[in-house]
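Please open the structure in your viewer and keep the selection panel at hand.

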Amino acid sequence: MKVGKIELEYSSEKIKKDLDTLCKLAMETGASDVRIVDPGKEVFLDYRAQYKCALPKCPFYGTNINCPPYSLSFEEMKRLINSYEVALLIAVKLSSFLVAPESLEDYRAWSNSPDLIKMLRNHFRIVGIVESAAYELGYYFAASFGGGSCKSAFCPNEPCQALDRGNRCRHYLKARPSMEGSGIDVFKTAAHAGWDIYPVGRKNVAGDIPHGLGIGLTLLY
Amino acid sequence: MTCKKVVNGKSPGDIKADLRQLCNTAIKAGSTCVRILDPEMVCLDFRARIKCIVPKCMYYGTNAHCPPNAPPIENTEKLLRSFQSAILVGVREDANAVVPKSGEDYKIWWKTSQLQPLMSKLNAIVGTVESEANCLGYYFATAFSAGPCKGIFCSDIPCQALEKGNRCRHIMRARSCMEGSGIDVFRTVTGAGWDIYPVGRNHRAEYLPYAFVAGLVLVQ
């Protein structure tokens with residue numbers, strides 16, 4: 001692949017072609033739908049989103065470098081979202097059996113299932129591939145956010161190493177912050193994009209919803 | 001070299017001569033291209049710093065010069081505004097030395113890569129220019145390098161400066177990088193009229209004309 005030099009401004013033809021390439025790549029990698037959005041207008045930030053990590057405490061709150069209170073603050077996120085003109089919203093349709101147990105008696109087995117970890121990692125993988133490809137096309141500030149805590153996907157049974165002073169993340173360049181932990185109202189953002197998304201609670205079983213939906217975001221330029 | 005005595009209000013002619021001398025020093029020290037810049041041409045971007053964080057760079061939090069231990073971007077902005085002249089230094093390198101070729105295994109290539117020597121060379125160049133600027137009377141001269149100091153100096157050992165009360169093992173040599181300080185290096189270099197390429201994990205040497213790294217010395 002020929003590497004293009006960095007330009008101060010890119011032509012609208014190049015941008016159009018690149019967006020097409022990135023959307024196709026997301027679909028090939030496992031996304032079920034992609035939307036090109038204006039992050040300032042179509043990615044909704046809500047102060048309450050980060051509060052839902054803290055009140056009540058999520059099991060991953062404070063356990064890793066990518067979750068609150070260590071993740072980007074709401075103000076930083078606001079500044080960040082408004083620094084970009086174009087972003088890709090990436091949806092991954094999931095079997096309802098991946099986001100809820102078949103019956104409530106199965107809850108423990110379901111929550112420890114390797115398929116759950118595989119699904120979470122896959123989500124991080126897709127947004128990571130899109131981010132890398134965007135960088136290589138010249139959008140060097142491309143930054144992707146996943147869904148769910150990186151700890152649940154990469155280090156469920158070991159302490160986050162990046163929280164030790166001077167130590168690095170075990171999964172640098174792969175583990176990344178989640179949209180919700182960064183203050184994004186994921187439900188509203190997905191619904192605005194025209195996708196069906198359901199709030200799955202502790203008392204829900206797979207039969208209560210038609211499907212699950214994982215959402216990722218790649219801020220492009 | 002002899003030290004010039006400090007003079008308040010140097011003439012524009014003397015400053016110009018000094019900046020030219022510093023450019024020559026950068027070339028002699030090994031840089032390929034040099035530009036005298038108004039620090040206003042150095043582009044700051046909040047997103048540069050965010051790229052240390054989303055996703056985490058392998059050096060994030062591992063040393064005293066990288067985020068979150070680096071000074072906030074607002075400090076870089078204040079610093080840039082305090083200077084009237086800067087020198088941008090570029091080093092071009094054969095892509096084959098610092099980027100893998102097609103078919104090469106990335107992990108094997110990494111062990112023999114000349115990337116760290118290139119970063120080390122740039123770090124030495126900006127350090128030399130900064131020292132000479134000091135001797136010429138620009139005692140606030142401040143240099144920024146490229147890439148984390150940990151990769152150059154302490155790749156296999158923990159950063160000692162992160163221990164309370166302990167000093168950096170490479171005082172006066174290890175310094176902050178432009179990108180970690182919030183500078184948009186790609187835009188600054190392109191604005192200076194030089195070609196620079198984003199080198200990603202999937203890029204291979206034969207598709208790149210050369211590799212390029214840049215450093216900055218705020219002089220006066």
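Helices (H or I, at least four residues) and strands (E, at least two) are DSSP runs, numbered from the N terminus. This is a predicted model, in which local features need pLDDT of at least 70 and side-chain atom pairs count only at pLDDT 80 or more, while totals for chains, interfaces and linings use all residues. Residues are numbered from 1 along each chain as its sequence is written, chains are lettered from A and ligands numbered from 1 in the order in which they are written, and side-chain values use heavy atoms, with hydrogens and water left out.

**First stop: chain A**

Select chain A and colour it by secondary structure. Along the principal axes, the C-alpha atoms fill a box of roughly 55 × 45 × 35 Å. Of the 221 residues of chain A, 49% are buried; buried means under 20% relative accessible area, exposed over 50%, and partly exposed in between (1.4 Å probe, protein chains only).

Next, select A:Asp18 and A:Lys14. Their side chains meet in a salt bridge (2.8 Å, N to O), a term for a side-chain nitrogen of Lys or Arg within 4 Å of a carboxyl oxygen of Asp or Glu. The two residues are separated by about one helical turn because they stand four residues apart in helix 1 (residues 12-29) of chain A. A:Asp18 is buried at 6% relative accessible area, whereas A:Lys14 is partly exposed at 26%.

**Second stop: chain B**

Now select chain B, which has eight helices and four strands. Buried residues account for 53% of its 220 residues.

Which residue forms a salt bridge with B:Asp18? Select B:Lys4: the closest N and O atoms of this pair are 3.2 Å apart. B:Asp18 lies in helix 1 (residues 12-28) of chain B and B:Lys4 in the segment before helix 1, so the pair ties together parts that are 14 residues apart in sequence. B:Asp18 is buried at 3% relative accessibility, and B:Lys4 is partly exposed at 40%.

Move on to helix 3 (residues 73-81) of chain B, where B:Glu77 and B:Arg81 lie four residues apart, about one turn of the helix. Their side chains form a salt bridge (2.9 Å, N to O). B:Glu77 is partly exposed at 34%, while B:Arg81 is exposed at 63%.

**Last stop: both chains**

Finally, select A:Glu131, A:Arg176 and B:Lys51, which salt bridges with shared partners join into one network. Over all chains, the count comes to 16 salt bridges.
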